[in-house]
Amino acid sequence: MEHVLIIVGIIVVVAGGASALVVPRLRRGRPGTGHASGQPAGTGAGAGAAGTITADDGAARPPDTDVLPPVPAGQAAGVVERPPPSAGRLVRLRGRLARSQTGFGAVLLGLLSGAKLDDETWDQIEEILITADMGVAPARQLVDRLRTEVKVAGTRDLAEVRALLRADLIEQVDPNLDRALRTEPHGDRPAVVLMVGVNGTGKTTTCGRLARVLIGDGQTVLLGAADTFRAAAADQLQTWGGRVGAAVVRADREGADPASVAFEAVSAGIAAGVDTVIVDTAGRLHTKTGLMDELGKIKRVIEKRATVDEVLLVLDATTGQNGLRQARVFAEAVDVTGIVLTKLDGTAKGGIVVAVQRELGVPVKLVGLGEGPDDLAPFEPAAFVDALLGV
Ligand SMILES: Nc1nc2c(ncn2[C@@H]2O[C@H](COP(=O)(O)OP(=O)(O)O)[C@@H](O)[C@H]2O)c(=O)[nH]1
Ligand SMILES: [Mg+2]
């Protein structure tokens, strides 16, 4: 019989030096002052030491897994960085979006305030919106409305048409959706966030960056590496954990049962008293049915110990219609509670925000605007539209 070793690594750095901690109560216990963000992991003085916590808090194991007690990871820790708070990030990062939307706002506004605004021009405006992946129906709706508004206002003044366009775009993005991330613990149970999506969309990166956001905002976080398909995926998550001071629960080999790892991660999170457990998953598309079954199982197994508060679907904004098709498949298999739209820095297709929200009836909660550790931002409709328009 194969045994699955769950390795629990925890990296805790205390102010001014390094210290190992065994079975800590982490809640509200911040991982120390750390070091300035931007310093590369694994360099410099004051590196943290790795300790261990036990994932075995006496709870019954799920019947279909065979999990040995955790063993000390003993891995070397890098320098723990202190990420900046997440508030206002989208505003700071909007240059990334504006760069990728080359001409979108300028072309639209040029047409709207240009010499002639006839049927052909309105068709062009609609086409630009469709080309930005907004979707045909929302683009038509926006154009119909804007057309009426421009007529009623009786103006072609650039500032005025810009204000009308901005308001209509914000409405399409829907400022009333609840985009709050549910990451607050429930009494002595941590909040649980499940990250899903196909390979390469940015799940593992988002797990790490979200951990940074939460830790920067004062929470404690544990990461679960339930992508057991490739050992490199767990290593990647562990690197993120090491940088921000989040414990990581992982299997010791490729192909281990992902649901077991998820279960152990949540159990370890409860034992350690962290605020939030973030579980990374695999996204091999060629085994679609298997993948969906696996995600369902991961969720059910976690629910033996805690509530899954968020199922975040990570979508690559550059994949357009293909991404939308993926989203549909995932939404049928798991209750997606929020969308993370990555790689918005590399596309002129910002309209995908509108299309995917319509498709799934679920809000975009986070956006990725680069590959850097702090390039994940809470989504804000007005700041997003301003960036699209190149304000
Ligand atoms: N430009 C850009 N690259 C990103 C973004 N998010 C993730 N990536 C990159 O996408 C690649 C795949 O990310 P990864 O997290 O490993 O995807 P996973 O397979 O879903 O876990 C990595 O090279 C990331 O750096 C983003 O917002 N912008
Ligand atoms: Mg991954």
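A crossover counts as right-handed if, with the strands pointing away from the viewer, the path from the first strand over the helix to the second runs clockwise. That convention is handy here, since the structure you are looking at is a predicted model in which strand β11, helix α10 (residues 320–333) and strand β12 make a right-handed β-α-β unit.

**Strand β11 and its partners**

Let's start with β11, which covers residues 308–316. Nine of its nine residues are buried, so the rest of the structure largely encloses this strand. Strand β7 (residues 191–196) runs parallel to β11, and in that pairing V192 stands opposite V308 of β11. Strand β12 (residues 338–342) is also parallel to β11; there, D316 has T342 as its bridge partner.

**Strand β8 and its partners**

Next comes β8, residues 221–226, a mostly covered strand with six of its six residues buried. Which residues point which way? V221, L223 and A225 face one way from β8, while L222, G224 and A226 face the other way, and all of them are buried. β8 runs parallel to strand β10 (residues 276–281), where G224 stands opposite V279. It also pairs in the parallel sense with strand β9 (residues 247–251), and the β9 partner of L223 is V248.

The pairings can be set side by side:

| Strands | Bridges | Sense |
|---|---|---|
| β8 and β10 | six | parallel |
| β8 and β9 | three | parallel |
| β7 and β11 | five | parallel |

**Helix α6**

Finally, a quick geometry check on helix α6, residues 203–216. How far apart are its end C-alpha atoms? They are 19 Å apart, which agrees with the 20 Å that 14 residues should span at 1.5 Å a residue. For the expected span, 1.5 Å is multiplied by one less than the number of residues. α6 is mostly covered as well, with 13 of its 14 residues buried. Just after α6, G218 takes a positive phi of about 100°.

Key. Residues numbered from 1 in each chain as written. Chains lettered and ligands numbered in written order. Predicted model: local features only at pLDDT ≥ 70, side-chain atom pairs only at ≥ 80, totals over all residues. Buried ≥ 20, exposed ≤ 12 C-beta atoms within 10 Å, placed from the backbone. Helix = DSSP H or I, 4+ residues; strand = E, 2+ residues; numbered from the N terminus. Pairing = 2+ DSSP bridges.
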